[in-house]
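This report is intended for a reader meeting the structure for the first time. Please keep the sequence and the 3D view at hand while reading.

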Amino acid sequence: QVQLQESGPGLVKPSQTLSLTCTVSGASITDGIYYWSWIRQPPGKGLEFLAAISYTGATYYTPSLKRRASISRDTSKNQFTLELKSVTPEDTAVYYCARDPQAGGLGPPRGQGTQVTVSS
């Protein structure tokens with residue numbers, strides 16, 4: 001059974017870069033046919049797709065964040081990472097990593113989520 005676990009800083013100051021890592025167990029991130037995604041849920045809102053990386057390493061981004069977001073992977077550690085530059089308070093959300101058979105999918109399965117607050 002695949003399990004995903006997010007890790008990140010919790011609190012980030014405006015204009016800084018947010019870096020989140022998802023550690024995967026029970027499956028390999030190079031297994032066909034899945035996409036490994038980052039999604040978030042701002043306070044009072046629904047789930048929002050941010051970025052995904054495929055089992056081949058191809059990357060996909062939501063258009064509104066493409067200039068600020070970067071997704072990468074470390075296959076030796078079975079991890080994938082999201083970097084989000086120039087964060088603002090509007091980036092405050094619970095961030096999840098997920099696996100989905102489609103790019104842009106929201107899972108499940110998903111990790112338990114990690115709260116990220118952008119505040120000075």
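## Aromatic pairs

The structure holds three aromatic pairs; rings of Phe, Tyr and Trp (its six-membered ring) pair if their centres lie within 6.5 Å, and planes under 30 degrees apart count as stacked, over 60 as edge-to-face and the rest as tilted. The rings of Tyr 35 and Tyr 60 form an edge-to-face pair, because their planes meet at 75° while their centres are 5.5 Å apart. Since Tyr 35 belongs to strand β4 and Tyr 60 to strand β6, this pair ties together parts that are 25 residues apart in sequence. Strands (E, at least two residues), like helices (H or I, at least four), are DSSP runs numbered from the N terminus.

Tyr 35 is buried at a relative accessible area of 17%, whereas Tyr 60 is partly exposed at 32%. Here buried means under 20% relative accessible area, exposed over 50%, and partly exposed in between, with a 1.4 Å probe and protein chains only. Ring pairs also link Trp 36, Trp 38 and Phe 80 into a cluster.

## Basis of the model

This is a predicted model, in which local features need pLDDT of at least 70 and side-chain atom pairs count only at pLDDT 80 or more, while totals for chains, interfaces and linings use all residues. Residues are numbered from 1 along each chain as its sequence is written, and side-chain values use heavy atoms, with hydrogens and water left out.

## The six-stranded sheet

Six strands form an open sheet with mixed pairing, in the order β2-β10-β9-β4-β5-β6. Its edge strands are β2 (11–12) and β6 (59–61), each of which pairs on one side only. Two strands are said to pair if DSSP finds at least two bridges between them.

Strand β4 covers residues 35–41 and pairs with strand β9 (residues 93–100) in the antiparallel sense over seven bridges. Within this pairing, Trp 38 has Cys 97 as its bridge partner, and Arg 40 has Tyr 95. Strand β4 also pairs with strand β5 (residues 48–54), again in the antiparallel sense, over six bridges; there Ser 37 stands opposite Ala 52. Six of the seven residues of β4 are buried, so this strand is largely enclosed by the rest of the structure.

The hairpin of β4 and β5 has six residues between the strands, and among them Gly 44 takes a positive phi near 75°. Gly 44 is exposed, with a relative accessible area of 89%. Its C-alpha lies 9.6 Å from that of Ala 93, although Gly 44 and Ala 93 are 49 residues apart in sequence.

## The four-stranded sheet

A further open sheet consists of four strands in the order β1-β3-β8-β7, with antiparallel pairing. The edges are held by β1 (3–7) and β7 (69–74); each has a single partner strand, so one side of each is left without a neighbour in the sheet. Neighbouring strands of this sheet are turned by 20° against each other on average, direction ignored; the axes behind such angles are lines fitted to C-alpha atoms, and angles run from 0 to 180 degrees between N-to-C directions.

Five bridges join β1 to the antiparallel strand β3 (residues 18–25). Glu 6 stands opposite Cys 22 in β3.

## Thr 21 and Thr 81

Thr 21 is found in strand β3, and Thr 81 in strand β8 (residues 79–84). Thr 21 is buried at 18% relative accessible area, and Thr 81 counts as buried at 18% as well. Their side chains are joined by a polar contact of 3.3 Å. Such a contact is a pair of N or O atoms within 3.5 Å; within protein, one must be able to donate a hydrogen and the other to accept it, and residues adjacent in sequence count only if both atoms are side-chain atoms.

Leaving aside residues up to four places away in sequence, Thr 81 touches several residues, including Ser 19, Trp 38 and Ser 70. Contact means heavy atoms within 4.5 Å.
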